[in-house]
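Welcome! Let's take a walk through this structure together, one step at a time.

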Amino acid sequence: MTDYSTPLFYIVAAVVLIPAVLMVTFRNLIYSAAAMILCFIGVAMVFVTLNAELLAISQVLIYVGAISILIMFAIMLTRQRSGEIRLFFHRQAWLALPAALALAVTMAVVLSRASFSTTPGPRNPGTSDLSNLLFDQYAFPFELVSLVLLVAIVGAILLARRERRR
Amino acid sequence: MTPLQHYLALSVALFAIGAWGVMARRSIIVVVMSLELMLNAANIALVAFSNYSPGTPGRGEVFVFFVLAVAAAEVAIGLAIGIAMYRLRERLDVDELDELKG
């Protein structure tokens, strides 16, 4: 049987990277958000190719479902009233691209020099093994994360609430 | 099997694109979106290492679950800051926030 995993990976990587570049370059915020959703779907596909089905489903639920809707709402709540939106790039934006490229080259060099095992070890476990790990060994961090989310909800309401006139 | 290096290269590229967005764009909403891109890049690296390296399987995946939760909290707070800023200034430009400049 022919191994199609590598060509499949290139297709999935294109679904991740092309919308990511479009997201940064689109001038319309709604177009940017749409490109971001496509990029998140691509990341979910990457998770599927890595045998992490539960994470792929969580990615679609949390990023494609919840976070995208939140960002869409924020865009629509903050429409500029007068005239069209004129904020795209900083004046020094041309410096940002070489800086990001330098960051990428640095990380690539570090990764190519690092020595880690690349032999296919144990695969990512199935859903039942993963939930055993999450609710047994990592039960305390799991509960702590719920506290973080509660604090975030309270903080978001406090920040976005309209100020009362005294 | 696709080699691990391919996934790491994808992760590096996505992280750099996210950093570019954070540095280049003025709108605070696009900055938050670019931050999410960078978190996704880190998630890809974590899941890839979890799938390829020996040791207890699934540790990296558990990590990604926690990253997802923290990312959701971060987006909620970031967008609330954006909306509060819009109420004060009627703008979304991060250059406007320069009160701490000496």
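How many salt bridges does the rule find across the interface of chain B and chain A? The count is 0. Please keep in mind that this is a predicted model.

On the side of chain B that touches chain A, the elements giving two or more residues are α1, α2 and α3 of chain B, and α3(B) gives the most, with 21 residues.

Now take in the whole interface. Here 70 residues of chain B are in contact with 85 residues of chain A. Between them, the chains bury about 7,300 Å², and 73% of this is on carbon and sulfur atoms. Within chain B, the residues that lose the most area to chain A are B:Trp20, B:Arg25 and B:Met33, which together make up 10% of what that side buries.

Next, look at the nonpolar core. The largest one has 69 residues, and B:Leu14 and B:Ile29 have the most contacts inside it. Several helices of both chains supply at least two residues each to this core, including α1 (5-25) and α4 (93-113) of chain A and α1 (4-24) of chain B. The largest share, 12 residues, comes from α2(B). Because domain 1 (1-79) and domain 2 (127-166) of chain A both give residues to this core, it lies between them.

Finally, zoom in on B:Leu14. Among the residues it touches are A:Val16, A:Leu17 and A:Cys39 from chain A, along with B:Leu37 and B:Ile44 from chain B.

How values were computed:
Residues are numbered from 1 along each chain as its sequence is written. Chains are lettered from A and ligands numbered from 1 in the order in which they are written. This is a predicted model: local features need pLDDT of at least 70, side-chain atom pairs count only at pLDDT 80 or more; totals for chains, interfaces and linings use all residues. Side-chain values use heavy atoms; hydrogens and water are left out. A nonpolar core is a set of buried Ala, Val, Leu, Ile, Met, Phe, Trp, Tyr and Cys residues joined through side-chain atoms within 4.5 Å. Buried means under 20% relative accessible area, exposed over 50%, partly exposed in between (1.4 Å probe, protein chains only). Helices (H or I, at least four residues) and strands (E, at least two) are DSSP runs, numbered from the N terminus. Domain bounds come from an automatic or database domain assignment. Contact means heavy atoms within 4.5 Å. Buried area is the accessible area (1.4 Å probe) that two parts lose on being put together, summed over both. A salt bridge is a side-chain nitrogen of Lys or Arg within 4 Å of a carboxyl oxygen of Asp or Glu. Lists of a residue's contacts leave out its neighbours within four places in sequence.
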